[in-house]
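User: I'd like a close look at a single part of this model. Take your time and walk me through it in plain words.

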Amino acid sequence: HKSVYSKKENSIYVFGGFGGNLHSRSNKLFQLKLESLEWTERKPINKTIPKGRVHHSMTMFFDKDNEEKVFIFGGRNNPNTPLNDLIILDTKLINYTINNNNDSNDKSTSSWPTPRYRHSSTYNTEENIIIIFGGKTKSSSTSALDDYYYYDINNNIFNKPSVNKEEGY
């Protein structure tokens, strides 16, 4: 599972992880209200529910209207299938928006990250972007990625900058 902190709600959101046994992946969302230490399973208002997953990234960010949202990317829903879907969770409404990189007319798919798991992501507040770095594509130890992408929140676009890798990188 992964978790993020919501400053506005003084809560922690937890998503995904292993289900009831080693081979099942959860797509459940839980909220821990820190004032009362009360756990609640949060079910979405719409019928759109992401696939269960492990080893994904999860990052809290602010949208154009200064509302808190959660960025969930990638992970694995079984041992041989890394994902590269982008999920935006509206914590106010508990509503998921899922982009699977399937819409060829969508400008956000032009530099879409490759499927990955065990990667990291972080939010750059000054540029309003989310950076995804590294991860793995297969279960083998030789499948480590050393690339990065950034998601431009305002324009709903992924970009893959060119990186000049020097010796010792």
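How many bridges join β9 to β10, and do they run parallel or antiparallel?

Analyst: Keep in mind that this is a predicted model. β9 and β10 run antiparallel, with five bridges joining them. One spot to look at is Thr 122, which stands opposite Ile 131 in β10.

Now for the turn. β9 and β10 form a hairpin with four residues between the strands. Asn 128 sits in that loop, between β9 and β10 (129–136). Is Asn 128 buried or exposed? Its relative accessibility is 11%, and buried means under 20%, so Asn 128 counts as buried.

Follow the chain on into β10 and you meet its other partner. Seven bridges join β10 to strand β11 (residues 144–152), and this pair is antiparallel too. Here Ile 129 stands opposite Asp 152 in β11. As for β10 itself, six of its eight residues are buried, so the strand is largely enclosed by the rest of the structure.

Last, go back to the loop that comes between β8 (95–99) and β9 (120–124), where you'll find Arg 118. Arg 118 isn't a glycine either, and its phi is positive as well, at about 55 degrees.

Key: Residues are numbered from 1 along each chain as its sequence is written. This is a predicted model: local features need pLDDT of at least 70, side-chain atom pairs count only at pLDDT 80 or more; totals for chains, interfaces and linings use all residues. Side-chain values use heavy atoms; hydrogens and water are left out. Helices (H or I, at least four residues) and strands (E, at least two) are DSSP runs, numbered from the N terminus. Buried means under 20% relative accessible area, exposed over 50%, partly exposed in between (1.4 Å probe, protein chains only). Two strands pair if DSSP finds at least two bridges between them.
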